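Student: Could we go through part of this structure together? I would like to start with a hairpin.

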Amino acid sequence: MSGSYDDSIGVEVSSDSFWEVGNYKRTVKRIDDGYRLCNDLMNCIHERARIEKGYAQQLTEWAKRWKQLVEKGPQYGTVEKAWCAFMSEAEKVSELHLDIKGALMNEDFEKIKNWQKEAFHKQMIGGFKETKEADDGFRKAQKPWAKKLKEVEASKKAYHAACKEEKLATSREANSKADPALNPEQLKKLQDKVEKSKQDVQKTKEKYEKSLKELDNATPQYMENMEQVFEQCQQFEEKRLRFFREVLLEVEKHLDLSNVVSYKNIYRELEQNIKAADAVEDLRWFRANQGPGMSMNWPQFEDEEYSGDLNRTLSRREKKKPADGVTLTGISQTGDQASQPNKHSSNLSVPSNTVQSVQSSYNPFEDEEDTGSTVSEKEDNKIKNVSSYEKNQSYPTEWSDEEPNNPFSSSDANGETNPFDEDTSLAVEVRVRALYDYEGQEQDELSFKAGDELTKTEDEDEQGWCKGRLDSGQVGLYPANYVEPIQ
C-alpha cells in the first residue's frame, strides 16, 4: 500500500504509516472503492430480486399443479378443503414475494443508483472529481514537508559519507607512522587529510542537524494540513456508510414478512382450514353420497308393456357368446391331436387361456349393448372410462340376481331357454375326446385335459356349449369345439 511522492523520488519509505510520503493514496483509493461498492450492493439486491421472482413462480406452478391433482383425486370432504388450503397459501405467499421483488428493484435498487449518481461525478479524462480533489489536497499538504524530508535525507547521507572518509584517513595516518620507509613529506599529507576530513564531518553534521530541525519545525503544519484533507475524505465516506446502513435497513423491512399483517393472516387462515377438517363429517358425507345412505329405485311390479328390452339383463350364456370377427389363439395341444382337424368346432377357435382372459376382463355388472365389439375395444373403453385417480367414476346401477354367464339361469327377455330344462327331443349320448386342456371357469363347467374321454349328453346349443358327463360322474358344460367324437 505504500508509495513515494512524485517530488521526492529517492526518499526511502521506512514504515507503512499514513504520514509517510505517498501513503495517503490508500485514503484516496477508498473513494473509488465507494463507487464500486455501490455497484456491488445493486448487483446483490438485483440477484435477490431474481430469487424472489423465481420462488414466486415456483410456488404458483406448484399450487396450480397440485390443486388440479387433489381436485381430481380420490380425496373428498373437509380434508380435501384443508389440503387445497396449502395451495391457496402458496398462491398468496407467491404474491407477497412478487411484491418483495418489486420493492427491491423499484425502491432500493433505484435509490442506490440515484445516490451513486449524485455522490460521484465522472470526469472527461477518466476517474471521479472527488478522487482528484482528495489526491490534489493531500499532494499540496505533503509537498513542503516532503521537500524538507528530502533535504534531511541528503544531508544525512553526506554526513555519513564524511564520517566514513574521516575513519579511513585516520587509519592511513596510523599505518604510515609505523612505516619507517615513509618520508616526512608524505606523512604530512596524510595528517592534513585527516584534519580536512574532520572539518568535513563537522560541517555535514551541522547541516544535517539544521535540515532535521527545519523538518521538525515543518511537521506540525504538515500534520495539520494532512488532517484537514483527511477529514474531508472521512466526511465523504461517512455519508456513504450512513446511506448504506439506511438502505440495508429498508431492504430488511422489505424482506421481513413476519411484520406484514397479510402474511400473518395467510397462516392464520391456513391453520383454521386445517383444524376445520372433520373425519366424522367426511365419513357421514361419503355414507350419504357413496354408501348405504344413497337413494335407491327398488324394483317394483311393472306391467308387461313396460318390461320389454328396456332393462334387459343378459344371461351368462348370451354374454359368453364370442364377438364376431375375433380369433383367439394360443391353444395348447398334445400328442397327435395337434394335427387332427376339429370336426365339431364352431366358427371361432377358443383356447382355454383365452377364454379365461375374456371372462376375467368381463364386468358382470356392466350391460353389453353391442355384442359385436371386439375384446380389445372393450379393454380400451375400460381404460378410458375408469381411472384409479378420478373421483367421479361412473358405476353401473343395473344389477341382476342371476349369476353372470350362468348357463343354468332362467329364460331372459329374449326367451332363451335353460339348457338343463327338459327337452322334448330325445338326446343321444356320444363318447367324445378332448382336443385341448380346459379349466372350468364356474361351478357348472367341466374341467379336463387334452386326450381325456367323456360322454356328451346334449348337443351344442346356439352359444357353442355342450352338456356332458365325465367318467367320474360329474355333469356340466364345456365348449363344443374343445372335443371331437371318438370314431
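Student: Which residue takes a positive phi in the hairpin of β2 and β3?

Tutor: G464 does, with a phi near 90 degrees, and this hairpin has six residues between the strands. Strands here are DSSP runs of E with at least two residues, and helices are runs of H or I with at least four, numbered from the N terminus. The model is predicted, so local features need pLDDT of at least 70, side-chain atom pairs count only at pLDDT 80 or more, and totals for chains, interfaces and linings use all residues. Residues are numbered from 1 along each chain as its sequence is written, and side-chain values use heavy atoms, without hydrogens and water.

Student: How many bridges join β2 to β3?

Tutor: Four, and the two strands run antiparallel. Strands pair if DSSP finds at least two bridges between them. K456 has G468 in β3 as its bridge partner.

Student: Is β3 largely enclosed or open?

Tutor: Strand β3 is largely enclosed by the rest of the structure, because five of its six residues are buried. Buried means under 20% relative accessible area, exposed over 50%, and partly exposed in between (1.4 Å probe, protein chains only).

Student: New topic: which residue forms a salt bridge with R469?

Tutor: E429 does, with the closest N and O atoms 3.5 Å apart. A salt bridge places a side-chain nitrogen of Lys or Arg within 4 Å of a carboxyl oxygen of Asp or Glu. R469 itself is partly exposed, at 28% relative accessibility.

Student: And what does R431 pair with?

Tutor: R431 forms a salt bridge with D471, at 2.9 Å between the closest N and O atoms. Salt bridges that share partners join R431, R433, E453 and D471 into one network.
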